[in-house]
Amino acid sequence: MYSEKVMDHFANPRNVGEIEGANAVGEVGNAKCGDIMKIYMDIQDNVIKDVKFKTFGCGAAIATSSMATEMVKGKTVDEALALTNKAVMEALDGLPKEKIHCSVLAEEAIQSAIEDYKRRNGESDKDSKCEFCCHKCSDVTEE
């Protein structure tokens, strides 16, 4: 059912944990399955120097989080924004149809963290009412 790569990233996830003082944090969830992914990034000079995750979910959710963090570490913000769920699935040698949503969550978690980074640095083109749940609401000003 699962590829060897999925099983490896589930049993031996890379980049697990939090980054103290992260300057980019994104959190996404799926109400249907209950999976929650939180991504922490240390971005310096527009490059993702470090990335970690905490995921509450199934084996596929953990594996996609692990693979996505591996794929964006060392990349520029723009390169990381280009990461797709399909690329994550391909890197894991595929996912069962009923687990594709896990790769979508991984893509969205990366995007959420980068949007948080851009918002913190005044680079966001989204309005100040953040649509992501990074729990940094005290940083968001109401208009």
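The side chains of Arg14 and Asp8 meet in a salt bridge, with an N to O distance of 2.6 Å; the term denotes a side-chain nitrogen of Lys or Arg within 4 Å of a carboxyl oxygen of Asp or Glu. The model is predicted, so that local features need pLDDT of at least 70 and side-chain atom pairs count only at pLDDT 80 or more, whereas totals for chains, interfaces and linings use all residues. Residues are numbered from 1 along each chain as its sequence is written, and side-chain values use heavy atoms, with hydrogens and water left out.

Arg14 is partly exposed at a relative accessible area of 25%, and Asp8 is likewise partly exposed at 29% (buried means under 20% relative accessible area, exposed over 50%, partly exposed in between, with a 1.4 Å probe and protein chains only). In the whole structure, seven salt bridges are found. One of them joins Lys5 and Asp93 at 3.9 Å, N to O. Because Lys5 belongs to helix 1 and Asp93 to the loop between helix 4 and helix 5, this pair ties together parts that are 88 residues apart in sequence. Helices (H or I, at least four residues) and strands (E, at least two) are DSSP runs, numbered from the N terminus.

A further salt bridge is formed by Lys73 and Asp50 (3.8 Å, N to O). It links the loop between helix 2 and helix 3, where Lys73 lies, to strand 3, which holds Asp50, across 23 residues. Lys73 is partly exposed at 34%, as is Asp50 at 21%.

Strand 1 is joined to strand 2 (residues 36-44) by six bridges, and strand 2 to strand 3 by nine. Met41 of strand 2 stands opposite Ala24 and also opposite Val51 in strand 3. Two residues separate strand 2 and strand 3 in their hairpin, where Asp45 takes a positive phi near 50 degrees.

Helix 2 is mostly covered, with eleven of its 14 residues buried; among them are Ala60, Ile62, Met67 and Val72. These buried residues pack against elements including helix 1, strand 2, strand 3 and helix 5, contact meaning heavy atoms within 4.5 Å. Just after helix 2, Gly74 takes a positive phi of about 85 degrees.

Technical notes
Two strands pair if DSSP finds at least two bridges between them.
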